[in-house]
Each structure stands twice: as structure tokens, then as C-alpha cells.
Amino acid sequence: GLFPAPLAIKRAAVKGSYAFAERALELPSLAADINGLALGGDLSLARASGGSPAVKGALKADGALDTPRLLAIWPEKLADGARRFVSERIKTASFSALDFKIDLPAGAVGADGVIPDGAMALSFVANQAIVEYAPGMTPLRGVSGRGVLRGNSFRFDAERGEANGVSISEGLVDIPVIAPKGEMAHFTFRARGDAENIMEVLAEPPLAILKETTLTPSQFSGPVDARVTISRPNLSIAPADSYRYDGTARFSGLGVDAVFNDVDLEKASGVLTLKTDGLAVKGEGALASAPVKFDWRQRFYGAGEKTLLTLEGVADSEAADLFGVPSRQLVQGDVGFKATAKGELSAFRSLDVEADFNDASIVVERLDWLKPKGVPAKGRALFTFGEEGIGVRNLLVDGEGLHVEGEAAFLPGGALASATLPVFRLDGAADLSLTASRSPAGAL
């Protein structure tokens, strides 16, 4: 039949006429109580030979319907994709202010049964809805807003709601093409709340924003304002690789516990940009009390290095320790730096560093040599990290009174394992080529 089950019509009053020759029905006045809903309006229908009929009318409904009662009066073949979305994704809701308008020319419905988009509009108000926008992710609750079903599209604008204790506003369900099945549907929402609660939602599959890191939502704190769009084929079940993502999250005063080697990120502000293939986070904050600017790029798919992190700021020896860079024995004071790390967020495999030692002293105790603070010097090196310790390649330190080139290796505890320095010049102390290695007994 046309409907899932016979309609319960308690009363009906119509006024109109039927022209047999033209096979045209005119109902300028129509009122009925159907399934507990009071309908009123006008309707006209004219049969067309060899094609769909011409239909024109306007109907309004007084009262409210829950999801099962709405589906009971929704023809099963009408906008099947939108009907399936309401049936499968809106488990609970109160629908009211139903307003239906149709102006369908004769023959406008094709063999596929699709109604032209501009020929029909059913608008409604929804309150206290529970919306499952992506299977497996925390549903939106307490959703209120307005929707409109057209001939071959569906749109619902949410004004408010919540998910996992996070306030939701400016939500949107947009199905621009209902038929054929499988066209992309878009779900957009704006979430404001604590970072931990928001990350709990964004870390759920299929989105799983933290899947390439060891971070957990509980490590995050502070206010976040996020806007996210999730797009997926309009099917009951869509493969995970068919999803598309786009979003931004702005944060201020954000904290991330133990983000690098048990060192916390504090007082961070910036923007997270989410795309289907990865994310980017740019901002500034403090690491080990050192002010830094950061640019974190994370790929979700593909081979090779997936994490690229660039830090720029001023650090002391404590801040250098967060990367495992052994500097306490040589450098004292503040060092301006730019560091680019690759690997995984919790275990970098390489670190390319550029440093400015102008405001730090460099101490070589065995040669009784010191570069005082305020004397210009710059350096660069490529650090690699592994189970056997730390490797240093492309080492260059150049400044007033010193020039060093070479490579070195350090044991996991930070002690020097070996060094090859073809150029080692410290004015007044040394000008030589140096090779050093530590014996199995531990002597250097």
C-alpha cells in the first residue's frame, strides 16, 4: 500500500468537485483527523495520460507527532532516503508545525519515481530529538530545530542540542540528493565546551581523530570551540573509507598532559584544522615552561612518517630534555631554536634543530673553555633516536671564537658514546680534528 499501515481517520470533511471528462479532482476545502493529527487545507489532482498526474495543494497540521507516528503517515515510496534517515537516525523526537505544499506538473515524475526538488516542500519543527549523525559516534541529544523535505532533498537546521555534555549549536543535516541512493549526505555541528568532552566525541570511530597518537581525551583540558562536518554516502551502512571530514577547532588556555616525554603543554592557544587525510594544529603555548610556537601535522593514512612537528621558541636545558637532546653538560642558559621532529608524537625518530646560542653560555670543562653569554654563535644538527641511543649528524656550531663540525652518538643515559669532529676549533684552547669513542668498560 501507499502507507506502512492503514491510516486511522476519525473524521473527515471535504468540499469539492470531480470532472469526469478531465479526470480532475478539486478539493478547495479539506479537513481531517488522521492518526491523531488535525489536517486542513486544499488539494487538486488531474490525471494525465501516460504520465504522472498534476498535483497542487497546501496542507497544514495542528498537533505534534513522535517519530513512529510521523512515519505512519509518511508514504513509503516518498523521498525514501529522507524517510530512511528519520527512521534509522532520529530515534526520538517531537515533530510539530507540519506545513506541506506541492505544485507538481503533469508528467513531472520520471520512471525512477523522483519528484522534482522544487515541486514539493514539507517543513516542520522538531524538539527534543536524539540524532545519530554517524553510526558509532555519540548521538546528539535534546536537539531542536527546523527541517524541510523537498522533492529530492532534505535539510534540517538544528538550533541547539548537546553531546557528551558539550553544547551543540548551528547543527545541519543536509541531504542534497535523495535519489539515487548513495549520494553524499553532510552532517555539520558546532560544539563548545571542555576539551576532554569534545575530544571524547572526536576520538570515536570512524572519525578517531587521535588514532595515530598515544594521546587520550583525558589528557586534554580547557575551552574549545569546534565546527565539524562529517560527510558520508546516504546509505544505512557506509564503509569507513567513504567518510569525508572537514572542521576547525579554536582553543585558548588549552592544556595537554604529558604531551612529550611526560612534559605538559600549557596555556596553549591556536587552531586545529581537520581534513579527511589528517589534521594540522598551529598555535603557541608553553612546554616545560618554555614559550613556543608549534605546528603539528598528522597524516591518518599512507606509509612513512605520519607526524611532523615544528617548534620555535626559546628553551633552556630542561626544555631540551623533553626531546631527549643531551645539552645540560655543554649549554647553560636560554637558546633560541627551531626544531622539526618526525616520527610519532610519543616517540620521534628524528629531530632537525637550528639554534641561536647568543643568550647562552657554552662550556667545555675538559679544555677549560667558555663561550660567555652575549657572544654570537649559531648551530644546527640532525638528531636521530633509537634503542641504542641518540645519533647526531650534520653537526655545525659556528660563532665568535668557535667552529665545530662533525657527528656524534650518545648512549640512552645521555653519556657520549663516540664523536668524529673533523673541525674542532675553540680559540685559545684547541684547533684540531677529534675522534673519540667509549670503551666497553665505560672509559672515553
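Colleague: Which residues of helix α3 are buried?

Modeller: Bear in mind that this is a predicted model. Helix α3 covers residues 195-202, and its buried residues are A195, I198, M199, V201 and L202. Looking down the axis of α3, those buried residues fall within an arc of 155°, so they line one face of the helix.

Colleague: And what covers the buried residues of α3?

Modeller: Strands, among them β9 (154-163), β10 (166-175) and β11 (184-194). The cover also includes β12 (220-221), β13 (223-233) and β14 (244-260).

Colleague: What goes on at the start of α3?

Modeller: There, D194 has a side-chain oxygen that comes to within 3.1 Å of the backbone nitrogen of E196.

Colleague: OK, over to α2. How many of its residues are buried?

Modeller: Seven of its ten, so α2 is mostly covered. The buried residues are G81, A82, R83, R84, F85, V86 and R89.

Colleague: Let's take A82 from that list. What does A82 touch, leaving aside its neighbours within four places in sequence?

Modeller: A82 is in contact with W74, L149, F154 and I178. Its relative accessibility is 0%, so A82 counts as buried.

Colleague: Switching to holes. How many cavities of 30 Å³ or more are there?

Modeller: Seven cavities reach 30 Å³ or more. The largest cavity has a volume of about 360 Å³. It is lined by 26 residues, and the closest to its centre are F220, L254, V256, V281 and W296.

Colleague: Which element gives the most to the lining of the largest cavity?

Modeller: That's β14, with six residues. Elements that each supply at least two residues include α3, β13 and β14. The others in that group are β15 (263-275), β16 (278-287), β17 (290-299) and β18 (307-315).

Colleague: What classes do the residues of that lining divide into?

Modeller: For the largest cavity, 26 nonpolar, no polar and no charged.

Colleague: And the second largest cavity, how much space lies in there?

Modeller: About 90 Å³. Its lining has ten nonpolar residues, two polar ones and no charged ones. Among the residues that line the second largest cavity are V131, Y133, F156, G171, F187 and T188. As for elements, β8 (140-150), β9, β10 and β11 each supply at least two lining residues.

Colleague: I'm also curious about D295. Is D295 buried or exposed?

Modeller: D295 has a relative accessibility of 18%, and since buried means under 20%, D295 counts as buried. D295 is in strand β17.

Colleague: Which side chain does the side chain of D295 make a polar contact with?

Modeller: The side chain of R297, at 2.6 Å. Leaving aside neighbours within four places in sequence, D295 is in contact with V281, K282, L308, L309 and T310. V281 turns up again here, as one of the residues closest to the centre of the largest cavity.

Colleague: Last one, G413. Where is its place?

Modeller: G413 is in the loop between β26 (402-410) and β27 (416-426). G413 is exposed, with a relative accessible area of 83%. Compared with L434, G413 is 21 residues away in sequence and 23 Å away in space, C-alpha to C-alpha.

Note on methods
Residues numbered from 1 in each chain as written. Predicted model: local features only at pLDDT ≥ 70, side-chain atom pairs only at ≥ 80, totals over all residues. Heavy atoms only, no water. Buried < 20%, exposed > 50% of the residue type's maximum accessible area, 1.4 Å probe, protein only. Helix = DSSP H or I, 4+ residues; strand = E, 2+ residues; numbered from the N terminus. Arc of directions from axis to C-beta. Contact = heavy atoms within 4.5 Å. Polar contact = N/O pair within 3.5 Å; in protein donor to acceptor, adjacent residues only side chain to side chain. 1 Å grid on protein atoms, 1.4 Å probe; cavity = no way out; pocket = protein on both sides within 12 Å on 5 of 7 lines; lining within 4 Å. Points joined across faces, edges and corners; volume = space filled by probe spheres on them. Nonpolar A, V, L, I, M, F, W, Y, C, P; charged D, E, K, R; others polar.
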